[in-house]
Amino acid sequence: MSTESARIAIAYHSGYGHTAKQAEAVAAGAAAVPGVVADLVALDELTDELWDRLAAADAIIFGAPTYMGSPSAVFKAFAEASVKVWAADLGWRDKIAAGFTNSKAMAGDKLNSLVDFAVFAAQHGMIWVGLDLYPGWAESTASIEDLNRLGSWLGATAQSDADLSAEKAPPETDLRTAAYLGERVAKLTLRQLRGSLAA
């Protein structure tokens, strides 16, 4: 792991641009923390450069749209290809991990995608970070603009109406929740790096 600054990789797939927008929000939240560099890593092509960028990261935040109740096939191909990292003495061991996902439905079984990400991270020996937010939009006086309006703790979720382009969805509240996740991961990664230096 880096000792000078924290490098947060956002490893994501986006089918129609909505999840890419969410990934950009995660990256912005992470990069807003002093001493942190955010690296957006699209998973469409599994090149040697991609694996090198993930190896250099102190934390990896996984993201993909939820299709038919689980992460996209592109993300699943990436997960299966990562077996070479796993086989090399758990190459991502002790990296911080987190996740985010988007679907057109309010629920859309997005939790299942986050569970997939968390189990995937656990198999790599990574340390999972969720959201530390109360659920938004959960009382009569609450607002759709609340952070964590979809009430997820395992990771950040977003909802994009099927008839809206990525220019108009997901809504700002979900992007702010994604940014919050990026910021939280960045701060905890810095804390972990400082702790490892003191040990």
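Here are a few friendly notes on one helix and some backbone details of this predicted model.

1. A word on the ground rules. Residues are numbered from 1 along each chain as its sequence is written, and side-chain values use heavy atoms, with hydrogens and water left out. As the model is predicted, local features need pLDDT of at least 70, side-chain atom pairs count only at pLDDT 80 or more, and totals for chains, interfaces and linings use all residues.

2. Start with helix H5, residues 110–123 (helices are DSSP runs of H or I with at least four residues, strands are runs of E with at least two, and both are numbered from the N terminus). H5 reaches 20 Å from its first C-alpha to its last, close to the 20 Å expected (1.5 Å times one less than its number of residues).

3. Which residues of H5 are buried? They are Lys-110, Ser-113, Leu-114, Phe-117, Ala-118, Phe-120 and Ala-121. Seen down the axis of H5, these fall within an arc of 160 degrees, so they line one face of the helix (the arc is taken from the directions from the helix axis to the C-beta atoms). On the other side, Leu-111, Ala-122 and Gln-123 are exposed. Buried means under 20% relative accessible area, exposed over 50%, and partly exposed in between, with a 1.4 Å probe and protein chains only.

4. Now the backbone. Most residues other than glycine have a negative phi, and most peptide bonds are trans. Asp-89 has a positive phi of about 55 degrees and is exposed, at 58%. Trp-137 has a positive phi of about 50 degrees and is partly exposed, at 38%.

5. Finally, a cis peptide bond joins Ala-169 and Pro-170.
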